[in-house]
Amino acid sequence: MSYASNDEIRGVLIQAGSERVLLPNATVAEMMSKVPVTPVDNAPAWLVGEIRWQGWDVPLMSFARLSGLGEEAVVSNNKVVVLKALGGNASRPYFALLTQTFPQLIAVPRDGLLADASEETLPQGVHMRVLLGEQSALLPDLDALEAALDEVLPVN
């Protein structure tokens, strides 16, 4: 018998620069590769462009560039994670993150997700650092990512 336990959190791990980022599975709409990217004029370096998905122009962000974790090249064999926007803006229900490796689905025991308070200052767009066993990952501040998008790409 296979079932999802309430004792575990399902997530998606992506690589952003030098760090791993843990996204809540419930926010992931789709994972894709080799997605054509249209540049956005006068955009900051972290807004790498827009992708066309399900009839929407979805902004594509580099989490690594936004948070200062390194450079991510936009290449023809890119990997993209489309996320459901939680801010309630009907004009922009999705945004996407660039990743260097194919996203990895994981299940983390609730008691296995521990906050790592060793850093005084977290990178921009990061809610907290967590420990997954012996390795760490960043939990993004999805509200902050959407707010950054709203600043550079205002929608009605």
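Modeller: The protein chain holds two helices and 11 strands, where helices (H or I, at least four residues) and strands (E, at least two) are DSSP runs numbered from the N terminus. This is a predicted model, in which local features need pLDDT of at least 70 and side-chain atom pairs count only at pLDDT 80 or more, while totals for chains, interfaces and linings use all residues. Residues are numbered from 1 along each chain as its sequence is written, and side-chain values use heavy atoms, with hydrogens and water left out.

Along the sequence, the elements follow the order β-β-β-β-β-α-β-β-β-β-β-β-α. The radius of gyration of the protein chain, taken over C-alpha atoms, is 15 Å, which agrees with the value near 15 Å that a compact globule of 156 residues would have by the rule of 2.2 Å times the number of residues to the power 0.38. Residues 24 or more positions apart supply 58% of the contacts with a separation of 6 or more, a contact being heavy atoms within 4.5 Å. Of the 156 residues, 42% count as buried, that is, under 20% relative accessible area, as against over 50% for exposed and partly exposed in between (1.4 Å probe, protein chains only).

E4 runs antiparallel to strand E5 (residues 56-61), and six bridges join the two; strands are said to pair if DSSP finds at least two bridges between them. Within this pairing, Gly 49 lies opposite Leu 60 of E5. Two residues separate the strands of the E4 and E5 hairpin, where Gln 54 adopts a positive phi near 50 degrees.

A second hairpin, formed by E10 and E11, can be set beside this one: it also has two residues between its strands, and there Gly 133 takes a positive phi near 65 degrees. E10 pairs with strand E11 (residues 135-140) in the antiparallel sense over six bridges, and Leu 132 has Gln 135 in E11 as its bridge partner. E10 (residues 126-132) pairs as well with strand E9 (residues 113-115), again antiparallel, over three bridges, with Ala 115 opposite Val 130 of E10.
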